[in-house]
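Biologist: I'm new to this one. Could you walk me through how to read its charged pairs?

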There are 2 protein chains.
Amino acid sequence: MATDFRNKLQAEGLKVTPQRVAIFEAILRLNNHPTAEDIIAFIKTNHPNISVGTVYKVLDIFVEKKLIQKVKTEKDVMRYDPFLSNHHHLYCANTERIEDYEDEKLNQLIAEYFKKNKIKNFKIQDITLQITGKFSSQNKSKK
Amino acid sequence: MATDFRNKLQAEGLKVTPQRVAIFEAILRLNNHPTAEDIIAFIKTNHPNISVGTVYKVLDIFVEKKLIQKVKTEKDVMRYDPFLSNHHHLYCANTERIEDYEDEKLNQLIAEYFKKNKIKNFKIQDITLQITGKFSSQNKSKK
DNA sequence: GTTGTAAAGATAATGATTCTTATTTAGGAA
DNA sequence: TTCCTAAATAAGAATCATTATCTTTACAAC
């Protein structure tokens with residue numbers, strides 16, 4: 001997994017630096033779709049000299065190279081998701097909590113639907129559900 | 001429709017001001033999910049003295065009172081949608097274009113699916129699809 | 001070692017959004 | 001209609017996430 005990350009960086013001709021490793025690990029550990037601020041705070045404990053600009057730049061690169069993705073929200077702060085497989089998001093209606101939701105059966109159902117029911121003048125590349133609601137426990141589920 | 005808007009404001013105990021009317025009309029006219037900036041630019045032609053802060057405050061109030069909704073995007077600029085019925089969004093992969101997509105049959109399909117397949121520890125309130133892809137014509141469809 | 005280049009650090013700049021304060025206005029009551 | 005008052009607006013300062021700039025560092029190629 002960590003190796004996977006290194007390989008992917010190198011495949012793109014990008015250097016594997018301690019900062020990049022730390023940022024990627026931070027996103028994995030902070031598994032609730034962290035903001036840049038969350039990531040910086042997390043990294044600062046082990047890596048006090050990291051620069052804010054570096055974090056943003058590295059995040060942009062990761063997104064561009066599809067190592068992570070940005071999560072769409074109604075807030076003006078960006079959030080990041082290290083998870084790349086086709087999945088959906090559960091948004092808490094009351095808090096900032098966002099969880100990933102995987103459901104292959106649902107994906108197939110939707111894919112089949114759109115195979116039969118094309119959208120006029122639009123070629124679908126990706127479909128993601130935003131599911132808003134309430135978590136029954138406030139505690140974050142452990143992975 | 002305009003009356004509807006006035007009534008809704010008054011029902012909430014809010015005053016019907018020229019600014020609020022202008023902002024609401026702007027969002028309706030600029031029917032591609034405008035940013036605050038778009039709205040300000042549009043209004044400035046007829047209403048040159050409107051204040052930027054007012055526009056933001058009024059937009060917040062509209063969202064809070066559910067007269068409009070914010071559209072989730074991966075960008076740090078907020079966009080607004082005057083359309084309230086349950087609908088989805090088509091995001092252009094290359095441009096900033098966002099279109100509404102209504103599909104009652106799809107909504108039912110998904111609703112049925114989740115009736116049978118509950119999400120553990122989560123109570124669904126709303127489901128919106130983010131459909132990313134490419135429009136076959138660059139021209140905005142006329143309503 | 002020197003050179004070249006990508007990356008990181010530090011910090012200034014930007015720009016969307018929010019806040020503050022004084023002034024104006026909508027809309028109800030007199 | 002006029003008056004009153006809370007609510008709303010205007011103007012501009014402040015905030016804060018993000019971006020840009022410029023310098024320094026790391027490291028590979030020569």
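**Reading the charged pairs**

Modeller: Let's start with B:Glu96, which is partly exposed at a relative accessible area of 45%. Buried means under 20% relative accessible area, exposed over 50%, and partly exposed in between (1.4 Å probe, protein chains only). This is a predicted model, where local features need pLDDT of at least 70 and side-chain atom pairs count only at pLDDT 80 or more, while totals for chains, interfaces and linings use all residues. Residues are numbered from 1 along each chain as its sequence is written, chains are lettered from A and ligands numbered from 1 in the order in which they are written, and side-chain values use heavy atoms, leaving out hydrogens and water.

Biologist: Which side chain meets B:Glu96 in a salt bridge?

Modeller: Side chains of opposite charge can pair when their charged atoms come close. The rule here is a side-chain nitrogen of Lys or Arg within 4 Å of a carboxyl oxygen of Asp or Glu. B:Glu96 meets B:Lys75 at 3.0 Å, N to O. The two sit 21 residues apart, and B:Lys75 is partly exposed too, at 42% relative accessibility.

Biologist: How many salt bridges are there over all chains?

Modeller: Eight, by this rule. One of them pairs B:Lys72 with A:Glu74, closest N and O atoms 3.4 Å apart. Each lies in the loop between strand 1 (69–71) and strand 2 (79–81) of its own chain, so this pair joins two chains. Strands are DSSP runs (E, at least two residues), numbered from the N terminus.

Biologist: Is B:Lys72 buried or exposed?

Modeller: Buried, at 8% relative accessibility, whereas A:Glu74 is partly exposed at 36%.

Methods
Helix = DSSP H or I, 4+ residues; strand = E, 2+ residues; numbered from the N terminus.
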